[in-house]
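Please consult the sequence and the structure alongside the text.

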Amino acid sequence: MAAGSNRSVGPASQGVFPGWEDPRWRGRLRTRLGTWYDKTARELPWRRSRNPYYVWVSEIMLQQTQVATVIPYFERFIQQFPTIAALASAREEQVLRLWEGLGYYRRARQLHRAAITIVAEHAGRFPDDPDAVQRLPGIGRYTSGAILSIAFDQRQPVLEANTLRLLSRLLAYQGDPRGSAGQRILWQAAERLLPRHRTGRFNQALMELGSLVCTPRQPRCDQCPLQSLCPTFVGGLQAQIPRASKRVEFQDVHEAAIVIWQGDSVWLRRCADGERWAGLWDFPRFPWPNTDSDKSSTAKAHTILRRQAQQQSQVGLGPLRPWTELKHGVTRFRIRLSVFQTNTRPPRLRARKKTDTTAPLPTGDGQWIPMRQLQEIPLSTTGRKIARLVVQHLDP
Ligand code: SF4
């Protein structure tokens with residue numbers, strides 16, 4: 001539905017607070033929220049201007065990531081790529097290297113692809129047409145609304161984790177806010193609340209209040225400028241609203257990573273599209289072949305892993321030597337990573353590919369990487385931990 005529609009979120013029939021029908025209630029809410037935001041808004045680097053490129057980069061980085069984590073990444077990113085054109089002309093590996101550690105790397109690849117599209121189709125200027133914005137890779141309704149309201153003062157609503165929680169409480173909505181009915185009601189509410197002007201400030205104020213005051217557990221209602229307007233506070237329903245989402249079922253995964261040495265180089269492969277670390281480099285990594293822990297099955301597992309690593313790297317390998325174990329969580333996976341090292345077998349089964357210490361940054365599926373290049377290559381999170389071990393091993 002277009003911004004500015006008059007369709008109501010509907011009070012009692014949809015299980016929401018009937019106060020929404022009262023324009024004075026909505027007016028008071030806007031005024032109090034705006035005054036609170038003007039006094040308390042955080043100084044954040046992407047708020048220093050309304051440059052749509054800065055707003056866009058910050059919004060993408062902030063998805064699933066805390067503000068404090070994002071700040072140094074944002075500063076480095078903008079310093080390295082100060083314009084959309086600079087980002088578009090970078091290699092994907094440079095972008096991923098700057099993103100390393102921030103997680104959800106698909107965001108970085110889509111940001112890069114979108115920058116290329118903007119240069120090709122919009123002469124390098126961020127578009128201000130909602131349809132054009134939402135056609136860009138990685139930009140959905142929320143991100144589009146945030147950019148267009150903050151940078152262009154367009155009357156576009158936003159709904160993300162913080163506003164979803166805040167609006168659910170202001171509506172006293174007890175249904176599932178992530179279900180289709182809940183989403184429809186909340187988007188309508190976000191749209192209906194928008195003022196005529198300074199919509200970017202208003203949307204940021206909603207997100208800021210949700211993030212700092214109307215927190216998931218134990219919201220700070222005593223500091224909330226909307227307390228006397230809030231039906232959830234009045235009803236003491238903060239613990240029940242919003243309805244909890246399904247608990248994530250964590251899955252334990254055991255994998256093996258193998259450091260293959262050849263002189264001062266190690267063999268790495270670039271993860272393909274669809275893999276967990278798509279676009280990043282990693283040491284050869286395989287699912288653990290079996291779950292038994294007795295001696296003979298462990299030896300069998302080592303044999304299988306060595307054979308897989310030989311097939312992947314196309315070199316003969318010596319026996320695997322256990323090195324260390326790492327633990328790491330990615331989305332719903334809890335990964336136990338057993339790290340081995342081995343050497344290529346000299347001289348009869350020497351590597352087919354020789355180390356080329358003058359090679360540029362690798363682009364193929366697998367390659368020998370000289371130690372001094374490890375720092376420049378975007379690695380998976382565990383890949384980076386192993387790379388540090390590799391460097392310490394040679395230069396303790
Ligand atoms: Fe959230 Fe409490 Fe404010 Fe209501 S009064 S909006 S529950 S912080």
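At what angle do α2 and helix α3 (residues 67–80) pack, and how far apart are their axes? The angle is about 140° and the axes are 10 Å apart. Because angles under 35 degrees count as roughly parallel, over 145 as roughly antiparallel, 65 to 115 as roughly perpendicular and the rest as oblique, α2 is oblique to α3.

This is a predicted model, in which local features need pLDDT of at least 70 and side-chain atom pairs count only at pLDDT 80 or more, while totals for chains, interfaces and linings use all residues. Residues are numbered from 1 along each chain as its sequence is written, and side-chain values use heavy atoms, with hydrogens and water left out. Helices (H or I, at least four residues) and strands (E, at least two) are DSSP runs numbered from the N terminus. Axes are lines fitted to C-alpha atoms, for helices over the stretch in contact, and angles run from 0 to 180 degrees between N-to-C directions.

**Helix pairs**

| Pair | Angle | Axis separation |
|---|---|---|
| α2 and α3 | about 140° | 10 Å |
| α5 and α6 | roughly 140° | within 9 Å |

The crossing of α2 and α3 is right-handed, a term for a near helix turned clockwise from the far one by less than a right angle. Contact (heavy atoms within 4.5 Å) involves Y53, Y54, V57, S58, M61 and L62 of α2 with V67, V70, Y73, F74, F77 and I78 of α3. By class, this contact has 11 nonpolar, 1 polar and no charged residues. Ala, Val, Leu, Ile, Met, Phe, Trp, Tyr, Cys and Pro count as nonpolar, Asp, Glu, Lys and Arg as charged, and the others, Gly among them, as polar.

Helix α5 (residues 92–99) also passes helix α6 (residues 106–122) in a right-handed crossing. Here E92, V95, L96 and W99 of α5 meet R107, A108, R109, L111 and H112 of α6. The α5 contact with α6 comprises 5 nonpolar, 1 polar and 3 charged residues.

In α8, 10 of the 12 residues are buried, that is, under 20% relative accessible area, with exposed over 50% and partly exposed in between (1.4 Å probe, protein chains only). The buried residues pack against α2 (52–62), α7 (130–134), α10 (180–193) and α11 (199–212). Just after α8, D153 takes a positive phi of about 55°.

F250 lies in the loop between α12 (231–235) and β1 (251–262). With a relative accessible area of 47%, F250 is partly exposed. Beyond its neighbours within four places in sequence, F250 contacts T331, R332 and R334. The C-alpha atoms of F250 and R332 are separated by 4.8 Å, although these residues are 82 residues apart along the chain.
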